[in-house]
Structure formats: structure tokens, C-alpha cells
Amino acid sequence: MSRKQAAEWSATRPTPVQGVECFGAHFVSHVFDRHSHETFSIGTTFGGVQSFRCRGARRDSTAGHLMLFNPDEPHDGWSGSREGFAYRMLYITAEGMAQLVDCDGPQSVRGMRLSRNVFTEPVVSDRKLSAAFAAASDELLVPANSLQAAERLGRVLRVLFERYAGGRERADRRPAASPRISRIRDLLESRYSEDVTIATVADVSGMSRVHATRQFTLSYGIPPHAYLNQVRIRHAKRSLLAGASAAEVAADVGFVDQSHFTRRFKRSVGVSPLAWARSMGVRS
């Protein structure tokens, strides 16, 4: 193992606030595959340069920046500097967000929709708010402090929405999926454990293989095979939380073997399946 690789670390932790999961890491050589999360993903970079592609352009986050990913917003990630980068992310469900910002229901925040593209930019420079977010996320990790942590995080999130949310506009300008493209998504969601072929994708959509792939990518931001991978990982997490072994999960959700599952999981989540399950309180 190289000195660079040895310097890397990552950890996922549940929090006492419902609907909020915390992830922290320092990466040098690790590269994230293009993926998205069902949740809002909000974080800050503490050191180095955190680079990724989102909404058709490269973005760089450094100290004092905030990263604001909406649910289902595709992005990847790598180190933009030789020394790597350190950061922390909070993954917050729509329901958890609604409770934290004290809105009328899970579909709005002070009159704004919690839709797929609420935040208008994936990276913003706001040193003071970034520091407030870091302090609020620190509170989440203090034992027996859940009430104060939720209140502090809620205050920061309300400011985030007020400053950087764009209401109902689809900020990334992706075209809405047509019924034929939606059928591809439904196929991948329902038959994720199978070896779905490009021929099946084309047949379901009634398009050529190339056209179906291109139109799906335009609508969802990632090609069908990457979407299938994240569906499998989503189901894998649920099985891991239920106590299934990595080998069992790999077979159940459609990966070739445990090694393939572990590699894909880490390139999307940042940690291995076993490390993730342990950090979430699962004991083998």
C-alpha cells in the first residue's frame, strides 16, 4: 500500500436526528463513480481540493465552500490536489429535511418545493455559513445532544434554503423523461437483480440501443448501467441493515460476486459494505 493510500480514511455514522446520516473522509487516490443519492447531500470541504463533475461542468470545492446536491443529482468525485481532500457530508431525507426546517409538510420549505433540483448551484462560496454547517454537524456527533443538534442544524439549513434555493425550477435543465424513457427506469428498478441487457432496454423503450441510452442519460444524468448500479446499492444497503452478509447481498442484488459488489459499493459510497454496515450499528 502506498503512503498516499495509507493516508486515506472514511467513516459513515448514523446520527440521533431522524433522517440524517453523516459521512466524513480524507481521500487522495480514491475516485467516486458517477452516482446520485435519494437524499439531499450537503457538505463542506475542510482541506485540499475536492473535484467533481455535476450539471455538465467540473466543480472544485475548497475550504469555505459548501456542496449542495439535490436528491437524484448525478455527480462523481476525485482529488483535485496532490495532498487529497478532507470533507464531511450530511445525507438528509426529504422527510428529515422537512422536519428540520419546520415546514408545513415533506413537500415544501417556506413555500419552496423539496423537489429534485431545489439548490441552484452545486458549490457555493460562503465561509461563514460553511463554518456554521461544520459546527452544526459536529453537534450531531456529540452523545446525548440530539435536541440541541437538531435545532442548530435546522437553523443552518433554513439559511441555506433562503440563500441558495431556486424554488421549483429544474436547475440542471435536464429534460423530463418521456413515457418510453420512464419504462427503462421502471425496468431497472424492478429487475435490478437480473442481468439486464441493452437489448432488453431497447425493446422496453421501443428505440434503438444507442438512442435509448442517449435519451435515458439526458433525462437522468447517468447511463442505464450506472442507474442500475445505484439501484442495486440502494437495495444492498437495506439488506445489510437487515443483517445479511456481503456475500449474500452480492448474489441477491445482481452483482457478479462479492469482490465486484465491494468494489462498486466503495466507489459509490466511499467505504466498503462491511465497514458501512458496522458503522450503522449492524453487528455480525
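**Pocket and cores of the predicted model**

A pocket here is an open set of points on a 1 Å grid over the protein atoms alone where a 1.4 Å probe fits, with protein on both sides within 12 Å along at least five of seven lines; lining residues have an atom within 4 Å of a point. This is a predicted model, with local features needing pLDDT of at least 70, side-chain atom pairs counting only at pLDDT 80 or more, and totals for chains, interfaces and linings using all residues. Residues are numbered from 1 along each chain as its sequence is written, and side-chain values use heavy atoms, leaving out hydrogens and water.

In that lining of 39 residues, His37, Glu38, Thr39, Arg234 and Lys237 lie nearest the pocket's centre. Helix α8 hands over the largest share, 7 residues (helices are DSSP runs of H or I, at least four residues, numbered from the N terminus).

Now for the cores. The largest nonpolar core holds 44 residues, and Tyr87 and Phe261 have the most contacts inside it; α8 gives the most to this core, with 7 residues. Such a core is a set of buried Ala, Val, Leu, Ile, Met, Phe, Trp, Tyr and Cys residues joined through side-chain atoms within 4.5 Å, where buried means under 20% relative accessible area with a 1.4 Å probe, protein chains only. A second, separate core of 27 residues includes Val101, Phe119, Val124 and Tyr164. Across the protein's 284 residues, 49% are buried.

Notes: Helix = DSSP H or I, 4+ residues; strand = E, 2+ residues; numbered from the N terminus. Buried < 20%, exposed > 50% of the residue type's maximum accessible area, 1.4 Å probe, protein only.
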